[in-house]
Amino acid sequence: MENTVSIGAPQTAKVRSYIFDNLRGLAIWCIPISHFTRVGGEFSQGSLSGIVYITINVFVMQLFMFLSGYFSKKVDRARESAFQTFLLPYLFFTLIFYIFRYLYFGHANLDFLKPPFALWFLFSVFFYRYYLKDLVKIKHLLAISIGIYLIAGLLPVDTDYFALGRTISYFPFFLMGYYCTSDRLKSLQKLKKWQSIPLLVLLLGASYGLAFYVKVPVAFYLLKTTAADIGIPWYTDIILRGVVLILAVLWTIVLLNLMPNKKNYLSYIGMNTMPIYIFHLFFRYVVQDVGFPCPNLTVYYLWVFGAASLCAVVFSSPPVAKVYDATLDQLYAGWLKLKKKMIYEQES
């Protein structure tokens with residue numbers, strides 16, 4: 001969810017490649033659709049809402065992780081910016097959401113070791129980027145991460161602490177992006193439209209099959225907990241994790257081929273993803289509490305997609321983006337000032 005740079009441009013002049021902004025714009029629009037679909041009041045796994053929810057959750061965060069890894073190749077810079085870009089917003093908004101939940105619901109728990117709801121993303125990417133410089137020294141790291149990913153649902157640990165379940169599960173996708181060179185990326189973009197469209201239909205058909213015929217709780221597709229916690233056999237968890245891995249890779253490939261490399265409104269949204277990601281969560285809590293009006297399914301889905309689109313448009317707007325950036329800049333400046341003061345006191 002960061003700003004991108006170009007690929008495939010001459011060494012003397014880099015030109016922004018808008019395909020990455022467009023990919024992030026699509027992905028960030030899908031996230032509130034997923035959340036509102038799940039909590040809007042008319043969710044059923046064996047229905048259109050189930051297909052929408054599963055489709056989004058087998059690729060969207062994986063795509064974000066892939067893109068984040070792709071733009072983390074400068075490992076020193078990734079470490080230097082990890083605190084400001086990810087951990088500081090995580091700490092700040094964990095406190096803000098605690099206050100919001102307390103005022104809105106009348107009760108709330110504050111635990112910085114258990115990332116609340118979607119803030120896990122900030123914590124996990126901080127971990128990846130901060131320790132990437134050391135982790136990439138491990139031989140066959142990608143293969144090891146995939147192996148751990150496949151058995152992550154069997155680990156006897158509390159997956160809520162440090163977002164451990166998701167941090168383990170999404171790490172392979174981050175590494176795929178990190179190890180993906182510009183030449184390899186271009187080789188993945190060689191599908192023709194007549195090849196990409198059937199693949200897209202096949203992937204949607206897979207979502208239909210998972211929604212109607214694979215009877216596992218949809219919480220599985222969030223990859224955040226264990227097989228025992230959601231009541232499925234260990235072998236089912238491993239098999240379905242393999243299925244999600246394949247689907248996520250195929251979705252990434254088909255979107256790389258279908259997404260235009262031209263500046264449009266989607267790319268504008270993709271340049272301002274963090275305010276959308278953070279601020280739509282306030283409305284997610286409200287929607288979960290009150291639901292959407294549902295005189296019929298057509299109206300209901302108009303509410304879901306309309307509310308998600310409104311969040312994307314409003315929270316990516318210049319005033320909101322500027323407030324977000326200015327707030328985090330002030331917090332970071334305050335942190336640097338406090339850090340210098342502490343160093344000075346220790347040395348004196």
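Let's start with helix α2 (residues 48-57): nine of its ten residues are buried, so the rest of the structure largely encloses it. Buried here means under 20% relative accessible area, with exposed set at over 50% and partly exposed in between, using a 1.4 Å probe and protein chains only. The buried ones are S49, G50, I51, V52, Y53, I54, T55, I56 and N57. Their cover includes α1, α3 (60-70), α9 (193-213), α11 (234-258) and α14 (297-315). Contact, by the way, means heavy atoms within 4.5 Å.

A word on what you're looking at. This is a predicted model, in which local features need pLDDT of at least 70 and side-chain atom pairs count only at pLDDT 80 or more, while totals for chains, interfaces and linings use all residues. Residues are numbered from 1 along each chain as its sequence is written, and side-chain values use heavy atoms, with hydrogens and water left out.

Now step back to the whole protein. You'll find 15 helices and zero strands, where helices (H or I, at least four residues) and strands (E, at least two) are DSSP runs numbered from the N terminus. The radius of gyration is 20 Å, which agrees with the value near 20 Å for a compact globule of 348 residues; that rule is 2.2 Å times the number of residues to the power 0.38, and the radius is taken over C-alpha atoms. Along the principal axes, the C-alpha atoms fill a box of roughly 70 × 55 × 45 Å. Of the contacts with a separation of 6 or more, 80% join residues 24 or more positions apart. Buried residues make up 49% of the 348.

What sits inside? The largest nonpolar core has 104 residues, and M61, M65, F121, F220, Y221, Y277 and I278 touch the most other members. Helix α1 (residues 18-39) gives the most to this core, with eleven residues. A nonpolar core is a set of buried Ala, Val, Leu, Ile, Met, Phe, Trp, Tyr and Cys residues joined through side-chain atoms within 4.5 Å.

Take F220 from that list. Setting aside neighbours within four places in sequence, F220 is in contact with I230, I232, D237, L240, R241 and V244. R241 lies in helix α11 and is buried, with a relative accessible area of 2%. Beyond four places in sequence, R241 contacts Y149, L150, A152, G153, S169, F220, L223 and T225.

Another buried side chain to click on is Y128, in helix α5 (residues 120-135), with a relative accessible area of 0%. Y128 touches M65, R166, T167, Y170, F171 and F174, not counting residues up to four places away in sequence. M65 takes us back to the core, as one of the residues there that touch the most other members. By contrast, D111 is 17 residues from Y128 in sequence but 21 Å away in space, C-alpha to C-alpha.

Finally, look at two loops. Most residues other than glycine have a negative phi. H140, in the loop between α5 and α6 (141-151), has a positive phi of about 60 degrees although it is not a glycine. At 65% relative accessibility, H140 counts as exposed. F162, in the loop between α6 and α7 (164-179), also has a positive phi, of about 55 degrees, and at 40% relative accessibility F162 counts as partly exposed.
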